[in-house]
2 protein chains.
Amino acid sequence: MASAEYEAILKVLLDACQQINNGSAAVAQVPEGIPVGVSNRHVHLSQADLDALFGPGYELTPIKDLTQPGQFACKECVTIAGPKGAIEKVRILGPVRKDTQIEILTGDGFKLGVKAPAKLSGDMEGTPGITIIGPKGSIMTKQGLMVAQRHIHMLPEEAAAYGVVDGQIVSIQIDGPRGGIYNNVLIRATKTSALECHVDTEEANAMDINSKTTVKIIK
Amino acid sequence: MASAEYEAILKVLLDACQQINNGSAAVAQVPEGIPVGVSNRHVHLSQADLDALFGPGYELTPIKDLTQPGQFACKECVTIAGPKGAIEKVRILGPVRKDTQIEILTGDGFKLGVKAPAKLSGDMEGTPGITIIGPKGSIMTKQGLMVAQRHIHMLPEEAAAYGVVDGQIVSIQIDGPRGGIYNNVLIRATKTSALECHVDTEEANAMDINSKTTVKIIK
């Protein structure tokens with residue numbers, strides 16, 4: 001082996017040691033069964049869109065903290081509408097975001113008359129727009145309508161314990177009389193995550209998933 | 001081996017030969033991918049309940065034949081109501097049956113405020129009742145509210161080709177970006193069946209199943 005190859009190998013080993021020392025590759029104690037959070041349709045708003053819908057400088061009213069740190073459900077709801085129909089009482093989740101994003105169920109898309117692609121939160125590419133109606137005005141978004149791709153939030157050290165990495169696609173196994181397996185579940189490992197697998201209401205109902213259900217990662 | 005045991009074994013072999021000869025165990029040509037029928041919430045009514053809801057001697061109005069021979073969707077709809085809410089425009093499927101049966105989605109159960117168990121069509125044991133409202137009257141059924149257990153209709157010779165038998169529990173594999181596997185799918189092999197896997201709207205939406213989707217049996 002040439003000296004340059006030895007050096008490259010040693011560099012990889014050194015990087016790994018440094019990662020372990022600074023904690024970014026630490027391995028956590030994790031449960032085999034991952035808790036599940038079931039998401040109904042909801043909206044994230046930019047401050048500009050919040051202003052347009054609720055009035056200039058409006059501030060959201062938190063009513064319930066969500067499991068992911070800093071996220072909360074708001075008192076405020078909106079109506080969303082497409083060419084075939086409207087859906088009332090769609091909950092706003094806070095805090096405000098850079099971009100407005102509307103996460104619906106597949107069945108909602110049929111009701112609205114708009115096909116929403118399954119996308120990861122924040123990935124607006126190819127998403128259609130929708131009309132949002134608030135108490136002080138309405139807007140037609142250029143994009144942001146999606147069905148949330150199922151995903152699992154976890155800390156990097158929890159990912160290490162499950163033997164997965166941020167961005168990896170896995171399957172999840174659901175036990176019980178209406179159980180099965182969902183493919184194409186994305187691992188989202190960040191330093192501000194709480195361990196939780198997110199599925200939407202239809203995905204939950206199809207397999208009788210409730211707040212006590214846990215799921216197992218299959219690679 | 002005792003003579004009686006030989007005789008028992010020969011009897012089994014003889015029965016099998018006779019089944020093959022009279023065609024009841026014939027093997028059909030079948031596709032690997034089984035077509036899917038997606039069922040939304042619906043009601044089957046007894047003649048007595050149809051009379052109570054639509055008037056004495058009422059006859060259902062077929063508007064669309066279903067894939068299963070003799071079954072049809074009707075022009076008539078009803079409202080169903082529970083302690084927490086009501087659902088309008090629930091389609092009646094014909095023809096009338098011996099017993100009234102109300103097949104809802106899991107999400108409908110939350111809206112109605114009644115927990116409906118996943119049951120095979122016709123199996124009323126342990127099912128709760130519900131209020132049904134028609135144009136000429138309303139009834140409170142003693143039982144019959146269920147979520148339909150996913151199942152596959154097929155002819156006995158198709159079952160033989162898939163290597164399954166009537167009443168067997170299998171899993172089904174769904175391909176695609178939101179695919180996966182549903183467990184606990186019942187084989188219903190009868191001489192009047194058309195090959196079709198039945199899932200409900202939530203099960204379809206959770207895996208992006210549409211009228212072109214086919215599923216594969218996993219044993």
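In this predicted model, the sulfur of C74(B) lies 9.0 Å from the closest cysteine sulfur, that of C77(B), which is too far for a bond. A disulfide is a covalent bond between the sulfur atoms of two cysteines. With a cut-off of 2.5 Å between cysteine sulfur atoms, the count over all chains comes to zero disulfides.

**Cysteines**
- C74(B) counts as buried because its relative accessibility is 0%, and C197(A) counts as buried at a relative accessibility of 0%.

**Interface of chain B and chain A**
- About 1,600 Å² of area is buried between chain B and chain A, with carbon and sulfur atoms giving 43% of that area, and the contact takes 22 residues from chain B and 22 residues from chain A.
- Between the two chains there are 19 residue pairs in polar contact, counting pairs in which both residues have pLDDT 80 or more.
- On the side of chain B that touches chain A, α3 (106-112), β13 (180-189) and α5 each supply at least two residues, and the largest share, five residues, comes from β13(B).
- By class, that side of chain B has eight nonpolar, seven polar and seven charged residues.
- Four salt bridges are found across the interface, including one in which the side chains of R178(B) and D200(A) meet at 3.7 Å, N to O.

**N205(B)**
- N205(B), which lies in helix α5 (residues 201-206) of chain B, counts as buried because its relative accessibility is 4%.
- The side chain of N205(B) is joined to that of E202(A) by a polar contact of 2.7 Å.
- Leaving aside neighbours within four places in sequence, N205(B) is in contact with T106(A), G107(A), F110(A), E202(A) and R178(B).

Methods. Residues numbered from 1 in each chain as written. Chains lettered and ligands numbered in written order. Predicted model: local features only at pLDDT ≥ 70, side-chain atom pairs only at ≥ 80, totals over all residues. Heavy atoms only, no water. Helix = DSSP H or I, 4+ residues; strand = E, 2+ residues; numbered from the N terminus. Buried < 20%, exposed > 50% of the residue type's maximum accessible area, 1.4 Å probe, protein only. Polar contact = N/O pair within 3.5 Å; in protein donor to acceptor, adjacent residues only side chain to side chain. Contact = heavy atoms within 4.5 Å. Buried area = accessible area lost by both parts, 1.4 Å probe. Nonpolar A, V, L, I, M, F, W, Y, C, P; charged D, E, K, R; others polar.
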